[in-house]
Amino acid sequence: MNQKFPMTEHEAANRIFFENGGQGYLAKPMTFRQFKEIVSDNMLQYAEVEQFHESVSTDGECYRVKDVALSGDMVEIVRHARYSLPLRHNHDYIELIYVYSGKCMHFIEEQSFEMAEGDLCILTPNARHAMSASEDNAIIINIMMSRIMFDASFFSMLKSGKMLSEFFERIFYNEQVSPYILYPTGKDIWLHETVLKMYRERQKKDYLYNESIILLVKQLFIYLIRRYEMMAIVANPISNYQEKNIVGLLGYLTVNYNRTTLKETAEFFGYNETYLGKMLQKYTGKKYCELITELQMNQAKKLLRDEKLSITEIGCEVGCYDASHFNRKFKAAFGMTPKSYRKQCREQKNERYL
């Protein structure tokens, strides 16, 4: 038994039910209607369903959790009860699920996968999911925050380029892309201790505890971006397949956009060109050539504002070695030529100093 997280009376009762024929109920997610019937028939107590939010059932199939307590910069942290029934539910807030020890099964939409110690899953808003933890050493920490808080803590810290930032934004605010991102951090001691510190802050509720948790959340995201950004696993929105290379692929293009081709990129990641093109379009909504052009032109804008290079040099720097071709692409993207854009930037800069 984990001494830091002793078994509660509630969990002990659930375990007795599990050991006396209830194993099958933890093998797959259940609807709210099924959940109520099982709890009623077996006289189980599932107080955690209304532990910190007013909750409602939308249609009897999925339990809808209202985020009334997660407005602004509020962060809520709870521990998932061991041996609790996997009730399918959803909510508008962002949820981070961290496996402190042991393992659990996670059911997200029509997908299912096992999470092991150190796995950190970030769920998109409104994703229907359920969890099953049927071991004494399964310690699962749930960290919940509003979209506003998530935006301030995560998106503002992305430094790898606009493409990755847009990709993560699509994941979290477009249900058709992917319902989650999974970071396999293994036995990362820093992350392990940081999540425990956050949980203890919430349990003790000392003075300014929420502000302390917010700082720890931001540290956690900085750490993820620095150490694990390119290791993120993104779910295929159609099947159970988890695409392990999509984030690394976008990071690769962000760095090598001015000197790589579709064929070279496909060979680097071990794909064929057709598959790579389809994968990029599925996850980003854009073709390979559109992604490259976007990266080229955004970088060109930065260099034009900087004024350290000539327009011809900037064209070569972003991979457009023909001046007329560079002019056409830039004008198509921004409605003006590179020369006009640089002139506009100079005039705006002069106006600020007047």
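Predicted model: local features only at pLDDT ≥ 70, side-chain atom pairs only at ≥ 80, totals over all residues.
**Notebook: sheet, core and a helix pair**

I began with strand 5 (residues 94-101), which pairs with strand 8 in the antiparallel sense over 4 bridges. Pairing here needs at least two DSSP bridges between the two strands; strands are DSSP E runs of at least two residues and helices H or I runs of at least four, numbered from the N terminus. Residues are numbered from 1 along each chain as its sequence is written, and side-chain values use heavy atoms, with hydrogens and water left out.

**Strand 8 and its sheet**

I looked up the facing residues next: tyrosine 98 sits opposite leucine 120 in strand 8. On to strand 11 (residues 180-184), which runs antiparallel to strand 8 with 5 bridges joining them; there, proline 184 is the bridge partner of aspartate 119.

Is strand 8 mostly covered or mostly open? Mostly covered: 5 of its 5 residues (119-123) are buried, meaning under 20% relative accessible area with a 1.4 Å probe, protein chains only (exposed is over 50%, partly exposed in between). Asp119, Cys121 and Leu123 point one way, Leu120 and Ile122 the other.

Zooming out, I get an open sheet of 7 strands in the order 3-10-5-8-11-12-13, with antiparallel pairing. Strand 3 (75-80) and strand 13 (242-243) are the edges, each pairing on one side only. Strand 3 pairs with strand 10 (residues 139-145) over 6 bridges, antiparallel, and valine 75 stands opposite methionine 145.

**Cores**

Met145 turned up again in the largest nonpolar core, which has 74 residues; Met145, Phe168, Tyr183 and Phe221 have the most contacts inside it. A core here is a set of buried Ala, Val, Leu, Ile, Met, Phe, Trp, Tyr and Cys residues joined through side-chain atoms within 4.5 Å. Helix 6 (residues 209-227) gives the largest share of this core, 10 residues. I checked phenylalanine 221: leaving aside neighbours within four places in sequence, its contacts (heavy atoms within 4.5 Å) include Leu96, Ile122 and Met145. A second, separate core has 18 residues, among them Met7 and Leu70.

**Helices 10 and 12**

Last, I looked at helix 10 (residues 288-306) against helix 12 (residues 323-334): the angle is about 95° and the axes are 10 Å apart. That makes the two roughly perpendicular (65 to 115 degrees).

Conventions:
Axes fitted to C-alpha atoms, helices over the stretch in contact; angles between N-to-C directions. Parallel < 35°, antiparallel > 145°, perpendicular 65-115°, else oblique.
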